[in-house]
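Trainee: I would like to go through the labels used for this model and ask what each one rests on.
Mentor: Go ahead, and I will set each value against its cut-off.

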Amino acid sequence: MIYPKIAQTVTLLLLAASLLIGGCTTDMTPVEPQSPTVPPSPPKQTTGVQEYKVTYNYGDTGPVQLSANNLVLKVGQKLILQPAAGLTKNTRFTSGNGNFWGDVMQQEGEQSSTGQLVFVAKQAGKGKLQIIPNSTETDRATDLWVTVQ
């Protein structure tokens, strides 16, 4: 019976090879983890107010397209509405939900010559801003919903 001797030899060779490859340790005493000499720095706080930029676009047909909708902002954050590159048409904005766009979201300055509007979240509330292409095409208008927490 030669097979058991070959199997035994192969097993011993595999065991020896695993010890050589993996190494072995004679000291099995657990080691306490070392504390770092320099304490980790706290996470960096972002300074300034975060801005949300929403781009609007439309062609000769179809509804206004928004890059984002149903936004959730915190008091103090800004919302920037800007037309897509190349959009030179006259766009009208109307507000819904009472005084949301005036009391909750307050406009900073006037609409720029590029069509950009900037709003700042002043207090909690929810409302919509309707974006009307070519100032009169209400059937193609899109509502931008904003919640301020």
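Trainee: What is the bridge partner of G125 in β9?
Mentor: The partner is V148. The model is predicted, so local features need pLDDT of at least 70 and side-chain atom pairs count only at pLDDT 80 or more, while totals for chains, interfaces and linings use all residues. Residues are numbered from 1 along each chain as its sequence is written, and side-chain values use heavy atoms, with hydrogens and water left out.

Trainee: In what order do the four strands of the open sheet lie?
Mentor: The order is β3-β9-β8-β5, with mixed pairing. β3 (71-73) and β5 (92-95) are the edge strands, since each pairs on one side only. From one strand to the next, the twist averages 25°; axes for such angles are lines fitted to C-alpha atoms, for helices over the stretch in contact, and angles run from 0 to 180 degrees between N-to-C directions.

Trainee: Why is R140 called buried?
Mentor: Buried means under 20% relative accessible area, exposed over 50%, and partly exposed in between (1.4 Å probe, protein chains only). R140 has 8% relative accessibility, so it counts as buried. R140 lies in the loop between β8 (125-132) and β9 (142-148).

Trainee: How do you know that the side chain of R140 has a polar atom placed for a polar contact with T61?
Mentor: A polar contact is a pair of N or O atoms within 3.5 Å; within protein, one must be able to donate a hydrogen and the other to accept it, and residues adjacent in sequence count only if both atoms are side-chain atoms. The distance from the backbone oxygen of T61 to a polar atom of the R140 side chain is 3.1 Å. Contact in general means heavy atoms within 4.5 Å. Not counting residues up to four places away in sequence, R140 touches several residues, including Y58, D60 and P133.

Trainee: What about S135, buried or exposed?
Mentor: S135 is at 18% relative accessibility and therefore counts as buried. S135 is also in the loop between β8 and β9. Its contacts, leaving aside neighbours within four places in sequence, are N90, T91 and R92.

Trainee: Why is the pair F100 and W101 called edge-to-face?
Mentor: Rings of Phe, Tyr and Trp (its six-membered ring) pair if their centres lie within 6.5 Å; planes under 30 degrees apart count as stacked, over 60 as edge-to-face and the rest as tilted. A search of the whole structure finds three aromatic pairs. For F100 and W101 the centres are 5.1 Å apart and the planes at 80°, so the pair is edge-to-face. W101 and F119 are edge-to-face too, with 4.8 Å centre to centre and 70° between the planes.

Trainee: Which residues form one aromatic cluster?
Mentor: F100, W101 and F119 do.

Terms used
Helices (H or I, at least four residues) and strands (E, at least two) are DSSP runs, numbered from the N terminus. Two strands pair if DSSP finds at least two bridges between them.
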